[in-house]
Amino acid sequence: MKRGFLNSSKARSKMASVGSPAINPMAPAPEILKAAYGVVERPGVPEGYKTPTVKIKEGDPNIDPRTLPQEAYMFTSLPNIPLDEYDPDNWTSCLLQAATKAQIVGTPGFPCPLLHPPKPRYHIKPTPSKGSGAFSSCALKMGDLILSERALLIAPVHLFAEDGLPENFTDAQVQQALFAQAEAKLQVAYDRMLPENQKAYTALANSHLKDGSGPILGVMRTNGIDAAPLTRPGNPPMPYSATCKEISRLNHSCSPNTAAEFDMPSFAFRLFATRDIAAGEELTYPYTDTSAPAAVRQKILEPYGFRCTCRACLDPRLSDARRASIRRASPSPALMSMWAEEGLQSSPLYGQHAVTLMERYIGAGDLENAMVYARMCSKMKWFGREAEDWANPAKIKADPKWRKDVK
């Protein structure tokens with residue numbers, strides 16, 4: 001997916017993009033950015049242009065969002081608590097449409113406490129060449145919960161601009177005006193944060209130092225990840241971007257060993273190990289589409305100021321061929337092994353293939369092999385699946401498809 005700020009050739013869409021969360025962009029280390037970009041230069045807004053006053057109002061937490069115009073935007077904190085009240089699980093400063101807030105507060109169980117590991121399973125420390133990174137504090141198994149956290153800030157991926165941009169503006173001038181309008185909106189959400197959350201937000205890296213993004217927008221464009229299933233009404237539905245304190249510290253790999261899932265009832269991200277991880281091993285996360293060829297991935301990563309040297313990029317001819325073939329092939333045990341060898345267990349297609357094989361063995365009445373893939377599926381909690389029901393022999397035999405394919 002392209003990371004461009006505007007979506008039309010003439011930049012007249014009047015819609016500002018704050019990121020492309022479908023590819024899960026994360027934060028590169030500040031040291032890398034400094035080496036890559038040197039002196040910070042931000043193009044200013046066009047001469048004579050005045051950023052409109054933000055017209056979006058703060059939402060009253062006591063008002064049912066279903067009674068408001070569903071397309072209306074509001075600044076709100078979630079879960080709904082007074083801004084100066086302490087919550088052990090923190091809370092998120094949000095810019096949402098009323099329809100989205102109605103979706104959130106209508107979720108069964110919302111808001112529930114976060115699920116945390118019994119003891120810390122990661123720590124942050126410097127790396128030899130990538131600035132700071134996250135590392136496992138103990139050996140982890142596939143499916144283990146590493147951390148849970150509520151985002152610092154959630155806002156739409158696309159912020160619609162106010163009317164009134166002069167028709168004689170060039171594309172570059174329109175872009176700078178829209179950057180300024182997006183920054184003004186995000187400034188309001190930032191100002192609502194607790195001081196410690198503001199400090200954590202500004203400590204994150206900003207790889208958009210030279211394109212005119214303001215400091216808040218730049219951090220969001222660098223660190224925003226997909227907050228699905230949160231969406232805004234539309235065709236197609238428009239996504240939201242979330243900026244996190246801890247998950248945003250993970251460095252990139254094209255063969256990542258973690259995956260994040262947004263849990264609506266707790267309104268929090270949960271980071272899981274996608275394969276077994278040794279104690280002291282660096283925790284990694286993909287900033288781009290891992291199925292794309294290495295050359296394409298490197299091009300997308302350029303704005304972050306580093307070149308990936310993960311195992312898939314060190315030998316791209318072999319890895320590119322394997323990644324292209326596994327996306328075209330039909331599910332099989334051999335294919336699942338190839339997925340694992342490429343380190344792509346976080347791919348939705350990997351999960352789909354595991355479910356297909358499990359169902360195939362259920363239909364054949366093969367309990368042993370059905371259990372192999374049922375156990376595998378039960379560990380893929382980053383897809384939002386519940387573990388207990390998948391790896392249950394009695395449940396497999398009670399499945400309506402059990403032995404249906406036996407001749």
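A: In this predicted model, the side chains of Arg-66 and Asp-64 form a salt bridge, with 2.7 Å from N to O. Arg-66 is exposed, because its relative accessible area is 63% and the cut-off for exposed is over 50%. Asp-64 has 29% and is therefore partly exposed. This pair belongs to a set of 11 salt bridges in the structure.

Another salt bridge joins the side chains of Lys-141 and Asp-276, at 4.0 Å from N to O. Here the partners come from distant parts of the chain, 135 residues apart. Lys-141 sits in the loop between strand E6 (132-136) and strand E7 (145-149), while Asp-276 sits in the loop between strand E14 (268-273) and strand E15 (282-285). Lys-141 is exposed at 54% relative accessibility, and Asp-276 is partly exposed at 47%.

A further salt bridge connects Glu-341 with Arg-322 through their side chains, at 2.6 Å from N to O. It links distant parts of the chain, 19 residues apart: Glu-341 is in helix H9 (residues 333-341) and Arg-322 is in helix H8 (residues 316-328). Glu-341 is partly exposed, with 48% relative accessibility. Both residues take part in a network of salt bridges that also includes Arg-323 and Glu-342.

Next come the helices. Helix H3 (residues 171-191) packs on helix H5 (residues 215-223) at an angle of about 90 degrees, and their axes are 8 Å apart. The two helices are therefore roughly perpendicular. On the H3 side the contact is made by Phe-179, Ala-182, Glu-183, Leu-186, Gln-187 and Tyr-190; on the H5 side it is made by Pro-215, Ile-216, Leu-217, Met-220 and Arg-221. Sorted by class, these are eight nonpolar residues, one polar and two charged.

Helix H4 (residues 195-202) has Asn-197, Gln-198, Ala-200 and Tyr-201 as its buried residues. They lie on the same side of H4, because they cover an arc of only 165 degrees around the axis. Pro-195, Glu-196 and Lys-199 are exposed on the other side of H4. The buried residues of H4 pack against H3 and H5, and also against strand E8 (153-156) and strand E11 (238-243).

Now to some loops and backbone details. Thr-127 is in the loop between strand E5 (122-126) and E6. Its relative accessible area is 11%, so Thr-127 is buried. Leaving aside residues up to four places away in sequence, Thr-127 touches Ser-132, Gly-133, Phe-135, Asn-251 and Glu-282.

A cis peptide bond joins Leu-78 to Pro-79, with omega about -5 degrees. Pro-79 belongs to the loop between strand E3 (73-78) and strand E4 (92-97). Asn-90 is found in the loop between E3 and E4 as well. Its phi is near 70 degrees, a positive value in a residue other than glycine. Asn-90 is partly exposed, at 21% relative accessible area.

The bond from Ala-228 to Pro-229 is also cis, with omega near 20 degrees. Pro-229 lies in strand E10 (residues 225-232). Arg-403, which is not glycine either, has a positive phi near 60 degrees. It lies in the segment after helix H12 (393-398), and at 45% relative accessibility Arg-403 is partly exposed.

Technical notes. Residues numbered from 1 in each chain as written. Predicted model: local features only at pLDDT ≥ 70, side-chain atom pairs only at ≥ 80, totals over all residues. Heavy atoms only, no water. Buried < 20%, exposed > 50% of the residue type's maximum accessible area, 1.4 Å probe, protein only. Helix = DSSP H or I, 4+ residues; strand = E, 2+ residues; numbered from the N terminus. Axes fitted to C-alpha atoms, helices over the stretch in contact; angles between N-to-C directions. Parallel < 35°, antiparallel > 145°, perpendicular 65-115°, else oblique. Contact = heavy atoms within 4.5 Å. Nonpolar A, V, L, I, M, F, W, Y, C, P; charged D, E, K, R; others polar. Arc of directions from axis to C-beta.
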